[in-house]
Amino acid sequence: SALREMMYQWIDRQEGIDWQALSHLYRVAPLGEKSPENLKLAFSNSMFKCFVFDGDKLIAAGRAVADGIDCSYICDVAVLPEYQGQGIGKRIVEKMMALSKGHKKIILYSYPGREGFYKKFGFKRMTTAMALFENQIQASEWGLVSDE
């Protein structure tokens, strides 16, 4: 409910973040295996970040890698399954977009089937976007890249 969501705590700094809890969040969201050490490094190197708590419990997070002028890349937006469907992910994306205002472009990539969620924010499919993944075979299997 809206009242319940108002009780959530939204934090934009990473001091005191339990990286194990964040790793667990990504595992169950599910966004894959992300080690606590790698998450700490990734969030440390991200200009914008957001953590959402219900009491002491980390329930959602997101970040944007940005350079302050040209490009902001929104990534790692995740919500614990039992908190999904309440609009928390939507609020995180809106927050990252607001923080990224003034950049010439804001980019992200969606998992196949979730594009509609981002279209609601005004994102459009890029016709020339290309990527080189550490695991190209897996990226291809997941439908993130094609040989076309």
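From strand β2, Phe48, Cys50, Val52 and Asp54 point one way, while Lys49, Phe51 and Phe53 point the other way, and all are buried. Here, buried means under 20% relative accessible area, exposed means over 50%, and partly exposed lies in between (1.4 Å probe, protein chains only). In a regular strand the side chains alternate between the two faces of the sheet. This is a predicted model, in which local features need pLDDT of at least 70, side-chain atom pairs count only at pLDDT 80 or more, and totals for chains, interfaces and linings use all residues. Residues are numbered from 1 along each chain as its sequence is written, and side-chain values use heavy atoms, with hydrogens and water left out.

**The sheet as a whole**

- Five strands form an open sheet in the order β1-β2-β3-β4-β5, and the pairing is mixed.
- Strands β1 and β5 (105–107) stand at the edges with a single partner strand each, so one side of each is left without a neighbour in the sheet.
- Neighbouring strands of this sheet are turned by 20 degrees against each other on average, direction ignored. The axes behind such angles are lines fitted to C-alpha atoms, for helices over the stretch in contact, and angles run from 0 to 180 degrees between N-to-C directions.

- Contact means heavy atoms within 4.5 Å.
- Helix α3 (residues 36–44) also packs on the sheet, touching β2 and β3, with its direction at about 50 degrees to that of β3.

**Strand β2 and its partners**

- Why is β2 described as largely enclosed by the rest of the structure? Seven of the seven residues of β2 are buried, so β2 is largely enclosed.
- Strand β1 (residues 9–11) joins β2 through three bridges, and these two run antiparallel. Gln9 has Phe53 in β2 as its bridge partner.
- Seven bridges join β2 (residues 48–54) to β3, again antiparallel. Phe53 stands opposite Leu58 in β3, Cys50 has Gly62 as its bridge partner, and Phe48 has Ala64.
- Two residues lie between the strands in the hairpin of β2 and β3, where Gly55 takes a positive phi near 65 degrees.

- Six bridges join β3 to β4 (residues 71–79), and the two run antiparallel. Val65 stands opposite Tyr73 in β4, and Ala61 stands opposite Ala78.
- The hairpin of β3 and β4 has four residues between the strands, and Gly68 takes a positive phi near 90 degrees there.
- Strand β4 is mostly covered, with eight of its nine residues buried.
- How do β4 and β5 pair, parallel or antiparallel? They pair in the parallel sense over three bridges, and Tyr73 has Ile107 in β5 as its bridge partner.

**Helix α4**

- In α4 (residues 88–99), the residues Ile88, Gly89, Ile92, Val93 and Met96 are buried. They cover an arc of only 140 degrees around the axis, which puts them on the same side of α4; the arc is that of the directions from the helix axis to the C-beta atoms.
- What covers the buried residues of α4 includes β1, β2, β3, β4 and α5 (115–119).

Key: Two strands pair if DSSP finds at least two bridges between them. The expected span of a helix is 1.5 Å times one less than its number of residues.
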